[in-house]
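Here are my notes on this one, in numbered points. Have a look at the model first, then read on.

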Amino acid sequence: MKQTWRWFGPDDSVQLSHVRQAGATSVVTALHHLNDGRIWPEDEIFKRKAVIESAGLTWSVVESVIVHEDVKTRTGRFRQLIDNYKMSIRNLAKAGITTICYNFMAITDWTRTDLTYPMWHGGTALRFDIVDFCAYDVLVLKRAGAEADHPAERIAAARARLASMSESDLARLETNLIGWVPAREFIHDRESFRRALDIYRDVSAEGFRENLFSFLREIVPAAEEEGVRMAIHPDDPPFPLFGLPRIVKDADDAAALLAACPSLSNGLTLCTGSYGASHRNDLPEMARRFGPDIHFAHLRNVAKEPDGSFHEAEHLEGDTDMVAVVAALLDEEARRRAAGRADWEIPMRPDHGHAIVDDIGKQVNPGYSCIGRLKGLAELRGIMRALER
Ligand code: DNO
């Protein structure tokens with residue numbers, strides 16, 4: 001597998017030289033400063049590519065070209081924004097960047113309640129606590145209809161939890177939950193978040209899925225022409241939050257998406273951590289079933305807790321049998337090689353990492369610590385090497 005590493009661009013405190021030292025050969029990145037629905041111009045793409053190549057690395061995957069909220073709801077400027085998206089696909093292809101990861105999560109991207117959950121080893125991990133989430137959703141945000149989305153015992157536990165939180169605990173929880181949403185141009189506080197939720201009040205999961213499929217029918221032909229592989233990232237976590245529709249959460253959703261627009265250009269990002277947070281998903285089974293459509297793999301593990309909470313485990317610990325997942329992906333690569341495909345190699349990246357050793361106290365994007373990921377990559381590389389032998 002191609003060993004890649006997510007890099008957030010020149011402002012990332014984890015530098016390209018560190019990526020080389022971690023042993024990755026290739027970078028996953030985006031033009032984060034242009035990621036609001038506008039066209040990514042060719043010259044900006046080539047400029048970024050040159051920076052990566054001058055560090056002795058390649059740029060193999062874009063994560064992500066974001067899908068604007070207007071496109072998800074098919075309102076406002078959505079037609080223009082879809083044309084822009086197609087143009088960005090074409091411009092990326094000109095630079096030889098032909099794998100694009102994206103997601104179709106309403107308003108939010110990945111969501112955690114705790115970004116510094118203490119682990120047994122003294123470092124920290126990302127965690128999603130369902131009681132904290134409920135406390136915010138029902139008692140702080142006071143979302144209309146929220147009570148009906150949580151069982152009574154959880155709401156009772158949430159009341160007690162909220163009573164024990166200090167003001168700064170609560171402020172941190174709020175930032176974790178709504179401070180990282182991608183659409184920062186119009187969501188900046190509790191009130192604007194509520195307004196954004198309102199837009200989705202009448203959008204059912206079925207309607208939302210139709211919007212995704214319409215988007216795919218529009219962009220996939222352009223991707224096909226350019227030899228680009230679109231790889232949808234699943235919902236993280238893979239269950240509804242804030243009453244928002246969730247449509248990429250399990251094997252059935254993935255199968256429906258592939259069937260809606262059958263094409264090598266319409267594929268998946270196998271994020272073992274996102275899918276893995278649901279009891280419904282058997283990751284080794286999904287890796288085998290969807291092998292031909294997996295264009296990109298995020299390898300990380302989660303430990304699920306009895307009440308629906310979960311935390312990010314070490315890459316080889318947690319509930320997913322990572323050796324079985326890697327074995328399935330290596331088999332898929334062998335199948336592609338036997339079929340004479342030039343693009344047989346599946347890019348993988350160690351997804352997230354604990355904050356350990358020198359990571360502790362450093363400013364990084366949550367989950368994207370250097371040493372924690374380096375450890376994850378080293379462990380995953382060991383599995384790959386052993387299985388290949
Ligand atoms: C979190 C990431 C996600 C992912 C996007 C893909 O760490 O896995 O933010 O990049 O959802 O579009």
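1. α5 and α6 sit roughly perpendicular to each other (65 to 115 degrees), and therefore get that label. Their axes cross at roughly 85° and come within 8 Å, with α5 covering residues 130–140 and α6 residues 152–164. Axes here are lines fitted to C-alpha atoms, for helices over the stretch in contact, and angles run from 0 to 180 degrees between N-to-C directions. Helices are DSSP runs (H or I, at least four residues) and strands likewise (E, at least two), numbered from the N terminus.

2. Who touches whom there? On the α5 side, I130, V131, D132, C134, A135, V138, L139 and V140 meet R154, I155, A157, A158, R159, R161 and L162 of α6, contact being heavy atoms within 4.5 Å. By class that contact has 11 nonpolar, no polar and 4 charged residues. The classes: Ala, Val, Leu, Ile, Met, Phe, Trp, Tyr, Cys and Pro are nonpolar, Asp, Glu, Lys and Arg are charged, and the others, Gly among them, are polar.

3. A word on provenance: this is a predicted model, where local features need pLDDT of at least 70 and side-chain atom pairs count only at pLDDT 80 or more, while totals for chains, interfaces and linings use all residues. Residues are numbered from 1 along each chain as its sequence is written, and side-chain values use heavy atoms, with hydrogens and water left out.

4. Next pair: the axes of α2 (residues 42–54) and α4 (residues 78–94) come within 9 Å and cross at roughly 40°. That makes α2 oblique to α4 (oblique is what remains after under 35 degrees for roughly parallel, over 145 for roughly antiparallel and 65 to 115 for roughly perpendicular). E42, I45 and F46 of α2 make the contact with N91, L92 and K94 of α4. Those residues divide into 3 nonpolar, 1 polar and 2 charged.

5. On to the ligand. Of the 14 residues around it (a heavy atom within 4 Å), E63, S64, D109, H352 and Y368 come nearest. A side-chain N or O atom of S64 is 2.5 Å from a ligand oxygen; for D109 the value is 2.8 Å. R6 has a polar side-chain atom 3.1 Å from an oxygen atom of the ligand.

6. H352, a residue other than glycine, has a positive phi near 50°, and is placed in the loop between β12 (347–350) and α14 (370–388).

Note on methods. Polar contact = N/O pair within 3.5 Å; in protein donor to acceptor, adjacent residues only side chain to side chain.
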